[in-house]
Amino acid sequence: MPPALRWLRLHAATGLRSSPTPTALKLMSLPGEPPRKEPFMSPDRLIHMANQIGKFFQSQGHDKAVPGIAEHIRKFWDPRMRSRILGAS
């Protein structure tokens, strides 16, 4: 399969034997890309991800965007991600 068609498969830490451990989350990049200079779960990366979520909800107005962003982060972010971004401020 050509490198461009391969998908990077990330698995959430679920306690299964096949799940990556925090030490397994190294500098990750797609094949053919230069290696990342920051860890995947770095505070800067998490802030960037949160800003992307905010851009998505921006068109819904402040009254719907704020709860939508909070709900998305609560539902889809790992607790370690939430605690790490809180420690970045």
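Predicted model: local features only at pLDDT ≥ 70, side-chain atom pairs only at ≥ 80, totals over all residues.

Visitor: How many helices and strands does the protein chain have?

Guide: Helices (H or I, at least four residues) and strands (E, at least two) are DSSP runs, numbered from the N terminus. Here the chain has three helices and zero strands, in the order α-α-α from the N terminus.

Visitor: What share of the residues counts as buried?

Guide: Buried means under 20% relative accessible area, exposed over 50%, and partly exposed in between, with a 1.4 Å probe and protein chains only. Of the 89 residues of the protein chain, 18% are buried.

Visitor: Which residues make up the largest nonpolar core?

Guide: In soluble globular proteins, nonpolar side chains tend to be buried together. A nonpolar core is a set of buried Ala, Val, Leu, Ile, Met, Phe, Trp, Tyr and Cys residues joined through side-chain atoms within 4.5 Å. The largest one here has ten residues: M41, L46, M49, A50, I53, F57, A65, I73, W77 and M81. Two or more of them come from each of α1 (43-57) and α2 (62-76), and α1 gives the largest share, five residues.

Visitor: What does W77 touch?

Guide: Contact means heavy atoms within 4.5 Å. Leaving aside residues up to four places away in sequence, W77 touches L46, M49, A50, I53, H72, R82 and I85. Across the protein chain, residues 24 or more positions apart account for 40% of the contacts with a separation of 6 or more.

Visitor: Where on α1 do its buried residues lie?

Guide: An α-helix has 3.6 residues a turn, so residues three or four places apart point the same way. In α1 the buried residues are L46, M49, A50, I53 and F57. Seen down the helix axis, they fall within an arc of 100° (taken from the directions from the axis to the C-beta atoms), so they line one face of α1. D44 and K55, on the other side of α1, are exposed. The cover over the buried residues of α1 includes α2 and α3 (79-87).

Visitor: How many salt bridges does the structure hold, and which residues form them?

Guide: A salt bridge is a side-chain nitrogen of Lys or Arg within 4 Å of a carboxyl oxygen of Asp or Glu. The structure holds two. One joins E71 and K75, at 3.0 Å from N to O. These residues are four apart in helix α2, about one helical turn; E71 is partly exposed at 35%, and K75 is exposed at 55%. D78 and R80 form a salt bridge with closest N and O atoms 2.8 Å apart.

Visitor: Is D78 buried or exposed, and where does D78 lie?

Guide: D78 is in the loop between α2 and α3 and is buried, at 19% relative accessibility, whereas R80 is partly exposed at 35%. A polar atom of the D78 side chain also lies 2.8 Å from the backbone nitrogen of R80.

Visitor: Where is S42 placed?

Guide: S42 is in the segment before α1 and is buried, at 6% relative accessibility. Its C-alpha atom is 8.0 Å from that of R84, a residue 42 places away along the chain.

How values were computed. Residues numbered from 1 in each chain as written. Heavy atoms only, no water. Polar contact = N/O pair within 3.5 Å; in protein donor to acceptor, adjacent residues only side chain to side chain.
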